Amino acid sequence: MYDNFAELFAIIKATEKLEKAYVRDIISPTEYEIECQKLITHFKTLSSTLKDIVPNIERFHDTYKMDCQSALNRLVTSGVPATVEHRAAASMSATTSAATVAECVQNFITAMDSLKLNMVAVDQVHPLLSDLSASLNKLSILPPDFEGKTKMREWIARLSKMGAADELTEQQGRQLHFDLESSYNSFMAALPTAGT
């Protein structure tokens with residue numbers, strides 16, 4: 001039993017040291033991931049063996065005054081190396097970004113097409129511009145003063161002062177279409193290319 005306790009103690013302490021080495025950039029991410037995965041595997045094997053004697057790892061940690069919060073997080077809470085955790089987060093972020101870009105493109109095209117179809121009533125145009133503005137604001141790669149965001153805010157403010165049944169004049173419709181077109185072109189230019 002004491003040998004198993006010593007082994008558990010050693011795994012927790014080694015994981016704590018490994019976490020600190022990784023955070024301080026003393027060990028490469030590749031080496032960290034390999035070693036961390038080994039420690040996690042050993043920990044899971046040993047903790048399943050000791051589950052009757054040590055039902056609560058946190059209590060074991062506190063009883064022996066280990067002060068290894070990073071190790072507890074990695075072994076008990078997370079269960080995967082930090083590099084894997086961060087890759088998953090980055091992948092999720094890229095997927096979210098791609099979906100938001102697609103949403104923006106869809107909203108630009110829908111708004112421009114609706115104007116071409118002579119849908120110029122305020123209650124027809126306002127929701128489209130609101131959707132476009134919301135999707136542009138979701139995209140973190142665009143600066144707050146991005147032309148499309150600014151122009152959409154101006155148009156939404158202008159439309160909010162009009163009645164729902166009011167219609168844009170031919171001149172206003174052409175100007176809005178021009179603003180949408182130029183904002184769309186700026187948007188496409190602002191997107192990072194596949195190589196960057």
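Student: How many salt bridges does a search of the whole structure find?

Tutor: Side chains of opposite charge can pair when their charged atoms come close. In this predicted model, searching the whole structure gives six salt bridges.

Student: Where do E35 and K38 lie?

Tutor: Both are in helix α2 (residues 29-49), three residues apart, which is about one turn of the helix.

Student: Which parts of the chain does the pair of K138 and E103 link?

Tutor: The side chains of K138 and E103 meet in a salt bridge of 3.0 Å, N to O. This pair links distant parts of the chain, with K138 in helix α6 and E103 in helix α5 (residues 82-116), 35 residues apart. E103 has 27% relative accessibility, so it counts as partly exposed.

Student: Is K151 buried or exposed?

Tutor: The cut-off for buried is under 20% relative accessible area. K151 has 19%, so it is buried. Its salt-bridge partner E147, with closest N and O atoms 2.8 Å apart, is partly exposed at 27%. E147 and K151 sit four residues apart in helix α7, and a network of salt bridges links E147, K151 and D179.

Student: Which residues of α7 are buried, and why do they line one face of the helix?

Tutor: They are G148, K149, K151, M152, W155, I156 and L159. Viewed down the axis of α7, they fall within an arc of 165°, so they line one face of the helix. These buried residues pack against α6 (122-138) and α8 (170-190).

Methods: Residues numbered from 1 in each chain as written. Predicted model: local features only at pLDDT ≥ 70, side-chain atom pairs only at ≥ 80, totals over all residues. Heavy atoms only, no water. Buried < 20%, exposed > 50% of the residue type's maximum accessible area, 1.4 Å probe, protein only. Helix = DSSP H or I, 4+ residues; strand = E, 2+ residues; numbered from the N terminus. Arc of directions from axis to C-beta. Contact = heavy atoms within 4.5 Å. Salt bridge = Lys/Arg side-chain N within 4 Å of Asp/Glu carboxyl O.
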